Amino acid sequence: ITSIRACIKKNIQNALFGMGNPLLDICAVVDKDFLDKYGLKPNDQILAEEKHKEMFEEIVKKFKAEYHAGGATQNSVKVAQWMIQEPHKVATFFGCIGKDKFGKILKEKAEEAHVDAHYYEQSEEPTGTCAACITGDNRSLVANLAAANCYKKEKHLDLEENWKLVEKAQVYYIAGFFLTVSLESILKVAKHASENNKIFCLNLSAPFICEFFKEALMKVMPYVDILFGNETEAAAFARERGFETEDIEEIAKKAQSLPKENKKRQRIVVFTQGKEGTVMTKGDKVETFPVLEINQSKIVDTNGAGDAFVGGFLSQLVQDKTFEQCIRAGHYAANVIIRHAGCTFPEKPDFQ
């Protein structure tokens with residue numbers, strides 16, 4: 001039986017495909033002077049401006065910085081790989097980096113996480129970074145997309161050896177953040193999944209995606225088999241679509257019934273709500289699944305929770321488990337990740 005299991009698991013190499021913005025997370029405990037110097041609030045998430053340029057070098061020189069391979073999609077596939085453990089390289093990841101020191105670190109970190117990362121490398125822009133400036137329980141995030149913004153379909157996705165990896169996959173996951181980078185790449189992958197009755201998953205990712213990139217979002221929606229989001233993203237999506245309801249179960253139902261290309265699969269909508277239960281559409285019903293309880297004092301950082309939930313979910317989906325089991329694994333992974341800074345985790349999961 002063990003050898004049969006090993007054989008089945010062997011066949012899931014490259015079965016999960018992710019594409020998105022690879023960012024190197026630079027985490028360091030800093031002081032108030034550092035925050036003040038760059039005009040940062042203790043607890044915030046912003047995109048880097050001109051005044052933050054030198055900050056990325058300074059945080060490494062002045063403080064003890066830790067590097068983690070980050071970016072929403074890369075975080076999720078990394079968690080999925082961690083949950084599965086063996087074989088390695090269940091997850092493939094595509095994204096754009098620079099030919100520089102940070103790019104080299106990203107490659108090393110992806111390798112350590114056993115993710116099969118194939119980056120498009122270019123020299124125009126440096127590797128994207130996200131500085132996590134930690135003071136006490138707070139962390140101020142400053143993201144500089146840079147190279148991540150330079151992904152090109154014709155320079156990478158269309159290449160025969162890369163497209164073969166896309167064809168090898170059975171489950172596809174892309175965070176909505178990538179809609180700002182390469183809609184044509186997303187559509188090519190989404191159409192492939194739809195035409196071959198494979199599973200294509202998309203995350204709403206942020207209210208600004210639902211608001212300012214809604215045209216791109218709605219071009220991809222007909223190919224979406226599983227839609228992820230949290231309660232604030234769901235509310236923003238409902239407002240933009242004119243759903244005229246703030247009830248999360250109703251929003252999930254309405255999102256489920258938006259037009260869909262592949263009629264062989266009914267769309268599933270999964271909305272997390274922090275410590276409240278996770279909502280999932282099933283047939284014509286909507287079910288709520290309670291999250292695992294956690295003592296407030298054990299929570300170190302909730303920032304990677306959404307990415308981790310998706311990673312846990314995908315780890316079971318790619319092994320053909322039930323959707324209930326997928327949600328259970330999502331809740332488990334999120335519960336582990338919020339006990340650590342950044343999207344990091346212990347050596348092995350303890351999930352049955």
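Biologist: Which residue puts its charged end over the ring of tryptophan 163?
Modeller: This is a predicted model. In it, the charged end in question lies 4.3 Å from the ring centre of tryptophan 163. A charge counts as over a ring within 6 Å of the centre and within 35 degrees of the ring normal. The residue is lysine 188.

Biologist: How many salt bridges does the structure hold?
Modeller: The test is a side-chain nitrogen of Lys or Arg within 4 Å of a carboxyl oxygen of Asp or Glu. By that test, the number of salt bridges is 16.

Biologist: How many residues apart in sequence are the parts tied together by lysine 107 and glutamate 121?
Modeller: The two side chains meet in a salt bridge, 3.0 Å from N to O. Lysine 107 belongs to helix H5 (residues 101-112), and glutamate 121 belongs to strand E6 (residues 116-122). So the pair ties together parts whose separation in sequence is 14 residues.

Biologist: Is glutamate 121 buried, partly exposed or exposed?
Modeller: Its salt-bridge partner, lysine 107, has a relative accessible area of 34% and is partly exposed. For glutamate 121 the relative accessible area is 31%. Buried needs under 20%, exposed over 50%. Glutamate 121 is therefore partly exposed.

Biologist: What separates lysine 109 and glutamate 112 along helix H5?
Modeller: These residues form a salt bridge, with the closest N and O atoms 3.7 Å apart. They are three residues apart in helix H5. Their separation is therefore about one helical turn.

Biologist: Which class of exposure does glutamate 112 fall in?
Modeller: Lysine 109 is partly exposed at 24% relative accessibility. Glutamate 112 has a relative accessible area of 53%. The cut-off is over 50%, so glutamate 112 is exposed.

Biologist: Which helix holds both lysine 253 and glutamate 250?
Modeller: The two form a salt bridge, their closest N and O atoms being 4.0 Å apart. Lysine 253 is partly exposed at 34% relative accessibility, and glutamate 250 is partly exposed with a relative accessible area of 34%. They sit three residues apart, about one turn, in helix H12.

Biologist: Which residue joins Lys37 and Glu58 in a network of salt bridges?
Modeller: Three residues are named in this network. Besides Lys37 and Glu58, the member is Lys62.

Biologist: How many aromatic pairs are there, and how do the planes of phenylalanine 177 and phenylalanine 208 lie?
Modeller: The count comes to 18 aromatic pairs. The ring centres of phenylalanine 177 and phenylalanine 208 are 6.3 Å apart, with planes at 35 degrees. Stacked needs under 30 degrees and edge-to-face over 60. The pair is therefore tilted.

Biologist: Where does phenylalanine 208 lie?
Modeller: Phenylalanine 177 is in the loop between strand E9 (171-175) and helix H8 (183-195). Its pairing with phenylalanine 208 ties together parts 31 residues apart in sequence. Phenylalanine 208 lies in helix H9 (residues 207-212).

Biologist: Which kind of pair do phenylalanine 208 and phenylalanine 213 make?
Modeller: Phenylalanine 208 is partly exposed, with a relative accessible area of 35%. The ring centres of phenylalanine 208 and phenylalanine 213 are 6.3 Å apart and the planes are at 75 degrees. That angle is over 60 degrees, so the pair is edge-to-face.

Biologist: Which tyrosine clusters with Phe228, Phe309, Phe313 and Phe323?
Modeller: These residues belong to one aromatic cluster.

Technical notes
Residues are numbered from 1 along each chain as its sequence is written. This is a predicted model: local features need pLDDT of at least 70, side-chain atom pairs count only at pLDDT 80 or more; totals for chains, interfaces and linings use all residues. Side-chain values use heavy atoms; hydrogens and water are left out. Helices (H or I, at least four residues) and strands (E, at least two) are DSSP runs, numbered from the N terminus. Buried means under 20% relative accessible area, exposed over 50%, partly exposed in between (1.4 Å probe, protein chains only). Rings of Phe, Tyr and Trp (its six-membered ring) pair if their centres lie within 6.5 Å; planes under 30 degrees apart count as stacked, over 60 as edge-to-face and the rest as tilted.
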